[in-house]
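User: I have a chain open here and would like to go through it with you. Can we start with a side chain and work outwards?

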Amino acid sequence: MMDLKDCYTKFGGDYDEVLGRLQRERIVEKFVYKFLDDKSFELLETSIKNEDYGEALRAVHTIKGICQNLSFTKLYEISNLMTKTLKENDYQKAVDMMPQLTDDYYKIIHTVQEYKQSKEG
């Protein structure tokens, strides 16, 4: 059975760092589950599609913050890069980053769903 540390390894996160910050695995797990319901990624996708780059910046900045708090290292790195890119008004470069950000995002979502299902038996 997969544990939470395995999850982090699978999607490119830093479990030891987040555990050091939040202290208890139960708390880490609670916030990781909350990530499944966060709407920032949907907002980012819609904003990029609609070329609303101000709203896209707000959404990706939120994703970046969540990833930093939860030590989702891989998704943090690309969302941080996209935040900088949007702040520099380099919209095409930001659009070009979406496939990588999307892959990293869904890797977390699917891994966490798999973990949650295995725990619920």
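User: Is Lys 5 buried, partly exposed or exposed?
Analyst: This is a predicted model, and in it Lys 5 counts as partly exposed, at 38% relative accessibility. The cut-offs explain the label, because buried means under 20% and exposed means over 50%.

User: Which residue does Lys 5 form a salt bridge with?
Analyst: Its partner is Asp 16, and the closest N and O atoms of the two are 3.3 Å apart. Lys 5 belongs to helix H1 (residues 4-11) and Asp 16 to helix H2 (residues 15-22), so the pair ties together parts that are 11 residues apart in sequence.

User: How many salt bridges does the structure hold?
Analyst: It holds 7. One of them joins Glu 55 and Arg 58, with 2.6 Å between the closest N and O atoms. Another joins Lys 39 and Glu 42, where that distance is 3.9 Å.

User: Where do Glu 55 and Arg 58 lie?
Analyst: Both are in helix H5 (residues 53-70), 3 residues apart, which is about one turn of the helix. Glu 55 counts as partly exposed, at 23% relative accessibility.

User: And Lys 39 and Glu 42, what are their relative accessible areas?
Analyst: Lys 39 is exposed, at 52%. Glu 42 is partly exposed, at 45%.

User: Why would side chains like these pair at all?
Analyst: Side chains of opposite charge can pair when their charged atoms come close.

User: How many positive and negative side chains does the chain have?
Analyst: There are 18 positive and 22 negative ones. The centres of the two sets lie 5 Å apart.

User: Let's step back to the fold. How many helices and strands are there?
Analyst: The chain has 7 helices and 0 strands. Read from the N terminus, the order of elements is α-α-α-α-α-α-α. The radius of gyration is 15 Å, close to the 14 Å from the globule rule for 121 residues, so the chain is as compact as a globular protein of that length.

User: What box do the C-alpha atoms fill?
Analyst: Along the principal axes it is roughly 45 × 25 × 20 Å.

User: What percentage of the residues count as buried?
Analyst: Of the 121 residues, 40% do. The chain exposes about 6,900 Å², and carbon and sulfur atoms supply 47% of that area.

User: And the contacts, what share join residues at least 24 apart?
Analyst: 64%, taken among contacts between residues at least 6 apart in sequence.

User: Give me a case. What does Glu 29 touch?
Analyst: Leaving out residues up to four places away in sequence, Glu 29 touches Leu 4, Tyr 115 and Lys 119. Glu 29 sits in helix H3 (residues 25-35).

User: Is Glu 29 buried or exposed?
Analyst: Buried, with a relative accessible area of 13%.

User: What about Ser 47, which helix is that in?
Analyst: Ser 47 is in helix H4 (residues 40-49). At 3% relative accessibility, Ser 47 counts as buried. Its contacts, again not counting residues up to four places away, are Asp 52, Glu 55 and Ala 56. Glu 55 is also the residue that forms the salt bridge with Arg 58.

User: How many residues apart in sequence are Tyr 106 and Leu 36?
Analyst: They are 70 residues apart in sequence. In space the two are 10.0 Å apart, C-alpha to C-alpha.

User: Last topic, the backbone. What is the phi of Glu 51?
Analyst: Near 55 degrees, which is a positive value in a residue other than glycine. Most residues other than glycine have a negative phi. Glu 51 is in the loop between H4 and H5, and is exposed at 57% relative accessible area.

User: And the phi of Ser 71, what is that?
Analyst: Ser 71 has a phi near 60 degrees, also positive and also in a residue other than glycine. Ser 71 lies in the loop between H5 and helix H6 (73-87).

User: Is Ser 71 buried or exposed?
Analyst: Ser 71 is buried, with a relative accessible area of 2%.

Notes: Residues numbered from 1 in each chain as written. Predicted model: local features only at pLDDT ≥ 70, side-chain atom pairs only at ≥ 80, totals over all residues. Heavy atoms only, no water. Helix = DSSP H or I, 4+ residues; strand = E, 2+ residues; numbered from the N terminus. Rg over C-alpha atoms; globule rule 2.2 N^0.38 Å. Buried < 20%, exposed > 50% of the residue type's maximum accessible area, 1.4 Å probe, protein only. Contact = heavy atoms within 4.5 Å. Areas by Shrake-Rupley, 256 points an atom, 1.4 Å probe, with all protein chains shown as cover. Lys, Arg positive; Asp, Glu negative; His and termini not counted. Charge placed at Lys NZ, Arg CZ, Asp CG, Glu CD. Salt bridge = Lys/Arg side-chain N within 4 Å of Asp/Glu carboxyl O.
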